[in-house]
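Open the model in your viewer and keep the sequence panel beside it. We will go from stop to stop, selecting as we go.

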Amino acid sequence: MSNMAASMARACRYVIRHGYSIPTTVCLTLLRRFHQSSPVCNGLLHGLNKRGILKDSFPEDAAHDRLPALLQSGAQTVYCGFDPTADSLHVGNLLALIGLLHFRNAGHHVVAVLGGATAQIGDPSGKTTERERLSPDAVKANTRSIRESIHRIFTNHELNFHDGSKTLGTVTVLDNLSWYKDWNVVRFLSEAGRHFRMGTMLSRHSVQSRLRSGDGMSLTEFTYQVFQAYDFYHVNQIYGCKIQLGGTDQLGNLMSGHDFIHKVSGEEVYGLTIPLVTSSVGDKLGKTAGNAVWLNRDKTSPFELYQFYLRQPDASVECYLKLFTFLPLAEVERLMEQQREDPAKRLAHKRLAAEVTKLVHGKEGLESAKRCTNTLYHSSVQALEEMSDLELQELFREAPFHELLLEPGTTVIDACRRVSAIPEGPKGYRMISEGAVWLNHKRADKPEQVLIPKIHVLANGLTLLRVGKKNFYIIKWLGL
């Protein structure tokens, strides 16, 4: 396609984005022809675009013309940053990791930069108020936890999703505190700060939205884009990295990094954005939004992660299969066709939940999620008997956990009273007699019934006691 046509296509993107009046069919035709003839339609980038993992690129013209050729010329290094503002990443971050995994699977090297320094500053992107300040010790602990989580997910991908026919790229996890800890503020501003222009920094959307808010913006947050830009420069200089991944809310920071590197070294680098994951009502899935689904087991169990994806609306499941799994697109289409033929089986939802849980928690985590599902929703005594103490506590997070000595002659009413599950006196006795008490999914309506092994006390020494519909108690019997 001619340079003039490409320029017209870029103009059309600007026109459509800003709402100016021009025949829409003309713009769409030019855009379609440009993308069909562009090198981006070949190879890895084309596949990521078809899956919906890539949203925008920067600089747009160079990314469409030169980035595909760069990726095809040999193994490149791609980086993405994660600020350890909590002790776990969440599903909103998972898509960025999956983006890195796709690049690694294609033979490119990937770098995850943990913001041990920048987490103490706070990214204003997408925030209406300033983050609460974290202590250095808290950031250090968060960094250690997230590093372990990233390594776990990359290991699970290699074990469960890599067929061995391709050579995987390397994985490097860095902490940006390692290159800031020896800087002092005067030297940093003297060497790096002089390359940034106030007008450009003030024009960023993340800055503008905060300046218009009632709380405004602190100098600390305002400098965040300087530090993220320098991160890109550091990884570029040390690891030869020319590509940065980030959420769409990070586009301004990606642009700052591109501009800084271009001014200092003249090197061409690129930014690629991935879409932000939103809930069914359009809210961003992140810890700030208060609806986070975490990637660490101690915060969100494999069962809870599995159920999160299993419960996605029908309208989202095809999109999520493309985004969050490594299934070939043809297989996704087959799954969706099977789902349309028999929606009640929810085959697509189950496959989505299984694939993501296996990526995040491994095969053992997926089996744990299935055991918990069978126990809770299918009243499976066999699944209950196979569950560990940890799984039961994860499944019934609010349920009291008691360790009791199983004395000879212990009855149903004895067990209930020892964990304070029923009131003292005649009322508690009546509750059992009237069928309000269940042991291991079976109604126990005889208060004086002695507990029977393998029925009331399972082989793993556990009893799941339920009073009414929602009041659970977990008993671990000792002395068996």
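Select Thr 375 and Leu 384. The side chain of Thr 375 reaches the backbone nitrogen of Leu 384 at 3.4 Å. Bear in mind that this is a predicted model.

Stay on Thr 375. Is Thr 375 buried or exposed? Its relative accessibility is 0%, and buried means under 20%, so Thr 375 counts as buried.

Now show what surrounds Thr 375. Leaving out residues up to four places away in sequence, Thr 375 touches Ser 380, Ala 383, Leu 384, Met 387, Leu 395 and His 441. Thr 375 and Glu 386 are 11 residues apart in sequence. In space, their C-alpha atoms are 9.8 Å apart.

Next, select residues 347-377. This is helix 18, and Thr 375 lies in it. Colour the contact between helix 15 and helix 18 by residue type: 16 residues are nonpolar, 6 polar and 1 charged.

Move to strand 8, residues 437-439, and strand 10, residues 462-467. They pair in the antiparallel sense over 3 bridges. Finish on Trp 438, which stands opposite Arg 466 in strand 10.

Note on methods. Residues are numbered from 1 along each chain as its sequence is written. This is a predicted model: local features need pLDDT of at least 70, side-chain atom pairs count only at pLDDT 80 or more; totals for chains, interfaces and linings use all residues. Side-chain values use heavy atoms; hydrogens and water are left out. Helices (H or I, at least four residues) and strands (E, at least two) are DSSP runs, numbered from the N terminus. Buried means under 20% relative accessible area, exposed over 50%, partly exposed in between (1.4 Å probe, protein chains only). Contact means heavy atoms within 4.5 Å. A polar contact is a pair of N or O atoms within 3.5 Å; within protein, one must be able to donate a hydrogen and the other to accept it, and residues adjacent in sequence count only if both atoms are side-chain atoms. Ala, Val, Leu, Ile, Met, Phe, Trp, Tyr, Cys and Pro count as nonpolar, Asp, Glu, Lys and Arg as charged, and the others, Gly among them, as polar. Two strands pair if DSSP finds at least two bridges between them.
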